[in-house]
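Good morning, colleagues. I would ask you to look at the structure on the screen while I take you through its main features.

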Amino acid sequence: MLPQALYGAAGILLFVIGLWSLLVHASILRKLIAINIMGSGVFHVFIAVAYRGPALAPDPVPHALVLTGIVAAVSATALALALAARLEQPTERDPADHG
Amino acid sequence: MDELLILAVALPILGATLTTALPRWALAVGLLAALVTSATGLAVTAAVWWQGPLHLAVGGWEAPLGVALRADGLTAALLAMINLVALGISIYASGYFRASGKLVHFWPLWLLLWASLNGAFMSADLFNIYVTLEVMGLSAASLGALGGSRAAVVANLRYLLVGLLGSMTYLLGVALVYTAYGTLELHLLAERITAGPQGAAALVLVTAGLALKAALFPLHFWLPPAHSAAPAPVSAALSALVVKAAFYLILRLWLGPFAAVTTTSAAVVLGLLGAGGVVWGSWRALRAERLKLLAAYSTVAQVGYLFLFLPMLAVTPAGPGRASLTAGLALMALSHGFAKAGLFLAAGQLQQYAGHDRINDLGPAAREHPASTFAVALAGVALVGLPPSGTFFGKWLLISNAFATGQWWWVVVVLLGTLLAASYTFRVLSRAFSTERVPRQAPTDLRTELPALVLTATAVVLLLFLARPLWTLLGLDADAALPGLAGGWR
């Protein structure tokens, strides 16, 4: 039981660290990394939940959830990076921005 | 009939795939997909009306392993609004984006957003809700940035990050639920949940995540820039539909699976935040310099009204009283959906005519385009809550229940919000009046002006006639439940 509790607690700690980092940092890239750390924390909790003792096989449902969650997190990160990259390019719509 | 539920999600996804694969036919395929999707959504409502609640275990996999979709009266009522408004937005967008060539990008993202909306309203398990929230967040932020201006990209990047923060918080709550109760299916969870620290922590996390997405004051900070910088049809979808979905989920979870964990004081906290949203959102709308910013702040206020219902629902025991209050809440949400979508569409039209949306300089454009101005006025009637709009009846129920449950202080908030809403509506409309002669003009572009008119007229006139069917749909005896005032509206 102890490793499971430790793993779950570490997940919640990761979530809190990520949240703190998201709130205090202004840079988009740092914010994005912070959100991914929060996500990893949640996935840790799910993986800890799946443990059912040494005698039983792990519960497959949380594993399936984590896989889906990772796909969503990767897609969201990609979109955020694409939008952030767009900000680095000059745009023709807003002449005021680079004039 | 149960298969309709999956079709309402699968058809727009199919449409999104086809519009991506056949960019040359994007307009035709997109409009066709929009028609078919809205027809399916309305068919779900009709099926619930005739048969009662629908339930589908997708692929034959029953809970706890499978993913279930469900539609009851409340789902059906909101689905009808979502799909009608979405159809109006689709028709409008086909005209709005015509010149810019952005339709190729608009259709796939918009149909995905539509699929996630239908999915969120029908999902019967917590994780499936998370998936629809993620799809909704990603497609909504991409759509919002479609204009390509720097302001739009900045605002929607922030919207995306806030949305991710919301869904991660929600997901941690889901993890706690699975740890404590071993199920994510809403009905099973309702049976197993018990009041205690685990349930309370999960409720707080899930509610906080969704409240961030619903723009509950003071978590609304991301909404005004994102919704006002997006292209008009997208603003309409974000303000009228996406925000509504997050609120609906909070309502569903509070009344359903988490009912054993929620307390009156927790509901009062949400009600107080809602009251803050009503006052602050209306005040900022009054002070807004641009029409779309005004509409966005007005959404913050209107979401606040919806949260005011929660403390009253908390003290009303389950039964006809609570169901009637829920129906009033649904009516308010429906009216706002139609009115706000119509307002953004009309605002976008005026913006295109005038080349800007500064309220003080909108006068000439407003006078030359009476159809759009009239749509703005109709939306104003619904936002203020003048009779016979659905908002009027919703506010009436809100006020009478506030007195009935001894919580009269909410009435002050409602009255203040109504006064401010009247002020910001008249501030916009006053620009349209002038003694100058203007050329006489009928609607100038049917494809864009008609949806705005129809949607706002629905909010003001049609919902009056729909109050009765709505009560029946929610399983109430309309004759008994609509006494007094509404009795004359049969």
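Predicted model: local features only at pLDDT ≥ 70, side-chain atom pairs only at ≥ 80, totals over all residues.

I begin with the interface. Between them, chain B and chain A bury about 2,900 Å², and 83% of that area lies on carbon and sulfur atoms. On the side of chain B, the residues that lose the most area to chain A are Arg150(B), Met168(B) and Tyr178(B), which together make up 22% of what that side buries. In terms of residues, 31 from chain B and 33 from chain A take part in the contact.

Which helices of chain B each supply at least two residues of the side that touches chain A? They are helix H5, residues 126–144, and helix H6, residues 150–181. H6(B) gives the largest share of that side, with 18 residues.

How many salt bridges cross the interface of chain B and chain A? The rule finds zero. Polar contact between chain B and chain A amounts to two residue pairs, both at pLDDT 80 or more.

Let me turn to salt bridges in general. Side chains of opposite charge can pair when their charged atoms come close. Over all chains, a search of the whole structure finds four salt bridges. One of them joins the side chains of Arg252(B) and Asp72(B), at 2.4 Å from N to O. This pair links distant parts of the chain, 180 residues apart. Arg252(B) sits in helix H10, residues 232–255, whereas Asp72(B) is in the loop between strand E2 (68–71) and helix H3 (73–96) of chain B.

Helix H2 of chain A, residues 28–50, contributes the largest share of the patch, three residues. Ile33(A) is placed in that helix.

Finally, the backbone. Most residues other than glycine have a negative phi, and most peptide bonds are trans. Against that background, Ala215(B) has a positive phi of about 60 degrees, although it is not a glycine. Ala215(B) is found in the loop between H8 and H9 of chain B. Pro218(B) is also placed in the loop between helix H8 (197–214) and helix H9 (223–229), and a cis peptide bond, with omega about 0 degrees, joins Phe217(B) to Pro218(B). Another cis peptide bond runs from Pro387(B) to Pro388(B), with omega near 5 degrees. Pro388(B) lies in the loop between helix H15 (370–384) and helix H16 (390–404) of chain B.

Thank you for your attention.

Technical notes: Residues numbered from 1 in each chain as written. Chains lettered and ligands numbered in written order. Heavy atoms only, no water. Contact = heavy atoms within 4.5 Å. Buried area = accessible area lost by both parts, 1.4 Å probe. Polar contact = N/O pair within 3.5 Å; in protein donor to acceptor, adjacent residues only side chain to side chain. Helix = DSSP H or I, 4+ residues; strand = E, 2+ residues; numbered from the N terminus.
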